[in-house]
Amino acid sequence: MKIAFVGKGGSGKTTLGSLFVGHLVALGKPVLAIDADINQHLAVALGASEADAASLPALGEHLPLVKEYLRGWNPRISSAATMVKTTPPGTGSRLLRVVEDNPIYRACVREIGGARLAVTGPFGEGDLGVACYHSKVGAVELMLNHLVDGADEYVVVDMTAGADAFASGLFTRFDVTFLVCEPTVRSVGVYRQYLGHAQEFGVTVAVVGNKVCDAEDVRFLRDEVGPGLLTWVGRSEHVRAAERGDASPIGGLEPRNRAALEDMRALVDRTGKDWAAYQRQAVEFHLRNAVAWANARAGEDLAGQVDPDFALGEHAGRRRGVVPIAGRVSRTG
């Protein structure tokens, strides 16, 4: 399952995302974590030092590799250079699995805190005034379009704050989106803004309260969010210690807060996987982007990259590799 963490800046979405990853790892689940936030803090939250986090390879810097590998020999894609962040998979494309060995993972994925982590890379001074941050997360969207996650596998993405995710189709790439909400008017406002956009596309949004101190905070969230409130996390000495640099295993998290993480996992596990909708939305946003800007950049009509006969869900139970073209078979590594 693919899971996103979103919310107002400072709401604690990265902290909750890292706790959720730690909970899954402790349960022995395969996890691929991705930091797609403009502020790259997930590695440190998972236990990396600031120096180690700063040295992680960035997906954004390996975009040519990502494109070339995923293109495979898809005949609808004239060259890797014409691939854009929304390019959907088709016959001949290479698909990704959560657990496998491939050139993208070897270049960009590192193990931290028992989880495998990839980062988009920070928004540097050289990008100011000349680049949109969404250009950084293009590799993430492209990878998620080509990723077939199996049963009991988890991809957890820490998204950028606020409603910025709606500047691309990335927000539709998840089976469940956890919106982290503090018991404040401003945080609830971000929830309503996000939900208003997400409902149009059938995105599953569950609210997780954070920094909840007492029954009045819970009452406030219930009054403002209603049945959308899944669970909540209270103030945590375990988290405060970790933020001071004294991290400890997830087993030390307060029982009530650990139970909230299990509530979240249970929701993810009972959420159905709709591969048809996933592929349909990938195509929809690809065609939108093609008309808006991508055709002009590529110098060709990128609608031709869409394979109308391709069904991503048919490949979810298969071993990794290239989606075969009739008369041509190849193993990939």
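This is a predicted model: local features need pLDDT of at least 70, side-chain atom pairs count only at pLDDT 80 or more; totals for chains, interfaces and linings use all residues.

Guide: Five bridges join strand 7 (residues 176-181) to strand 8, and the two run parallel. Residues are numbered from 1 along each chain as its sequence is written, and side-chain values use heavy atoms, with hydrogens and water left out.

Visitor: What makes strand 7 and strand 8 a pair?

Guide: Two strands pair if DSSP finds at least two bridges between them. Strand 7 and strand 8 are joined by five bridges, so they pair under that definition. Strands themselves are DSSP runs (E, at least two residues), as are helices (H or I, at least four), numbered from the N terminus.

Visitor: Why are strand 4 and strand 9 said to stand at the edges?

Guide: Eight strands form an open sheet with mixed pairing, in the order 4-5-2-6-1-7-8-9. Strand 4 (110-112) and strand 9 (229-234) each have a single partner strand, so one side of each is left without a neighbour in the sheet.

Visitor: Why is K211 called partly exposed?

Guide: Buried means under 20% relative accessible area and exposed over 50%, with partly exposed in between (1.4 Å probe, protein chains only). K211 has a relative accessible area of 27%, so the term partly exposed applies. K211 lies in strand 8 (residues 205-212), and its phi is near 60°, a positive value in a residue other than glycine.

Visitor: What makes D152 partly exposed?

Guide: The relative accessible area of D152 is 41%, which therefore falls between the two cut-offs. D152 is found in the loop between helix 6 (138-145) and strand 6 (154-159). Its phi, near 65°, is positive although D152 is not a glycine.

Visitor: How do you know that helix 6 is mostly covered?

Guide: Eight of the eight residues of helix 6 are buried; among them are G138, E141 and N145. These buried residues pack against several elements, including strand 1 (2-7), strand 2 (31-36) and helix 11 (275-298). Contact here means heavy atoms within 4.5 Å.

Visitor: How much of the protein chain is buried?

Guide: Buried residues make up 55% of the 333 residues in the protein chain.
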